[in-house]
Amino acid sequence: MFLPGTVTILLFAYMGLRSRLRILRRSVEASQRLQNLFDAVFEGIVVHDNGLILDANESFAAIFGYQRDEVIGMHVGQFVIPEVKAFALEKIKLESEQPYEVTGLKKDGTQISIEINGKMHTVQGRRIRLAAVSDITERKKLEQNRVLYEASQEAIKMRDEFLSIASHELKTPLTNIKLQTQMAIRGLQKHGLSSLDPARMKAFIEQTDRQADRLTRLVEEMLDVSRISAGKLGIAHESFDLCELVNEVAAAFEAVAKQAGSDLKFSCPERCPIWADRFRIEQVLSNLFSNAVKYGNGKPIQVRVEQEGDGKTRIVVEDQGIGIPSENQERIFRRFERAVSARKISGLGLGLYISKYIVEAHGGTIQVESLPGSGTRFSVLLPADNARSSV
Ligand code: ADP
């Protein structure tokens with residue numbers, strides 16, 4: 001009978017030990033392989049428990065300029081700039097799985113753009129978060145450059161379009177003036193001074209004067225735009241009666257409105273004292289009136305000045321013309337922006353931009369309501385007269 005002797009017992013023990021060692025070695029190798037894989041991943045990977053870093057790979061540490069050992073035990077909040085820390089911690093608290101971009105903070109204080117993609121896992125009953133972190137600084141820079149490039153291309157295109165529209169706009173009154181003067185010279189050469197008909201002479205001078213006014217207006221608009229860009233369009237407040245001014249501007253526009261077939265009606269309170277820049281408010285009124293005539297389809301134009309209960313003053317200019325599609329109603333207040341083609345109705349697309357600047361410089365607002373084909377209402381709200389102490 002075979003009885004296990006000491007050797008046999010030792011042999012079995014050794015064999016058991018060897019197989020246990022083999023299992024242990026295999027698991028060490030597997031975990032090493034896992035670690036290698038973890039470290040070989042190009043993206044930064046961090047495992048944390050409510051912000052406290054349990055593990056991170058080499059890439060994560062490298063992205064932020066640390067050694068891997070240093071980051072273990074740190075808080076994830078230390079890897080973003082203070083301004084976005086609360087935002088990032090909120091994402092963790094909400095267990096968000098949506099990727100997001102924030103400004104990361106390197107060990108040496110450099111700021112970088114990072115993208116974080118987090119996911120929750122339960123390991124042995126413990127909720128931990130695994131987050132992949134990528135340094136997207138270069139990508140962001142490229143994107144910014146692309147946006148800048150596109151913006152500069154757009155600006156060049158706009159400048160070229162503006163130059164062509166501006167030269168056309170300037171040329172029209174100049175051509176008219178030239179034609180008028182040439183005709184007058186020819187008449188003088190043929191028939192002499194005595195042959196000049198006073199009525200025709202008056203009409204000629206008036207027309208030349210109107211064209212000169214148009215030229216002046218165009219040049220002034222261009223100059224105002226550069227004044228605004230340079231921050232040099234100043235507002236000089238004074239006390240005056242707005243209704244008196246509206247009357248004056250409306251009277252100046254009556255003839256042009258009539259010529260376009262539009263009846264210009266206005267209603268004003270008895271007196272409407274305001275504290276504003278008279279010259280600049282006149283410019284706003286002229287722009288709104290001339291637009292109402294230009295785009296008003298020869299239909300009646302209504303102008304109202306109303307005093308609001310809180311001391312504010314409202315100017316409303318309303319036409320029944322071509323209207324403005326809703327998608328263009330915001331854009332027309334920007335520089336060079338127009339909602340009609342230059343061939344249809346001429347203009348530089350600067351009047352509303354300048355008007356908005358002037359109204360806002362007074363602390364007021366300008367708004368538009370419009371329905372294509374039905375008409376347009378511009379409404380300017382100016383602050384109360386007692387606002388003079390705050391300006
Ligand atoms: P401009 O009239 O020289 O083009 P504005 O800045 O005064 O420049 O106006 C910008 C654009 O807004 C105009 O080109 C036009 O398309 C639109 N617009 C302004 N006023 C009216 C209006 N009363 N009715 C319809 N469209 C208007």
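Predicted model: local features only at pLDDT ≥ 70, side-chain atom pairs only at ≥ 80, totals over all residues.
Me: Which strands does helix 9 touch?
Reply: Helix 9 (residues 351-361) packs on the sheet and touches strand 11 and strand 12. The direction of helix 9 makes about 140° with that of strand 11.

Me: How do you know that strand 11 and strand 12 pair?
Reply: Pairing takes at least two bridges. Seven bridges join strand 11 to strand 12 (residues 375-382), so the two strands pair. They run antiparallel. Leu371 stands opposite Gly375 in strand 12.

Me: What makes strand 7 and strand 11 edge strands?
Reply: The sheet is open, with five strands in the order 7-9-10-12-11 and mixed pairing. Strand 7 (264-267) and strand 11 (365-371) each pair on one side only. The twist averages 15° from one strand to the next.

Me: Why is the pair Phe64 and Phe79 called edge-to-face?
Reply: The ring centres are 5.0 Å apart, within the 6.5 Å limit, so Phe64 and Phe79 pair. Their planes stand at 70°, over the 60 degrees required, so the pair is edge-to-face.

Me: Where in the chain do Phe64 and Phe79 sit?
Reply: Phe64 is in the loop between helix 2 (58-63) and helix 3 (68-71). Phe79 is in the loop between helix 3 and helix 4 (82-93), and the two are 15 residues apart. Both Phe64 and Phe79 are buried. With Phe60 and Tyr66, they form one aromatic cluster.

Methods
Residues numbered from 1 in each chain as written. Heavy atoms only, no water. Helix = DSSP H or I, 4+ residues; strand = E, 2+ residues; numbered from the N terminus. Axes fitted to C-alpha atoms, helices over the stretch in contact; angles between N-to-C directions. Contact = heavy atoms within 4.5 Å. Phe/Tyr/Trp six-rings, centres within 6.5 Å; stacked < 30°, edge-to-face > 60°. Buried < 20%, exposed > 50% of the residue type's maximum accessible area, 1.4 Å probe, protein only.
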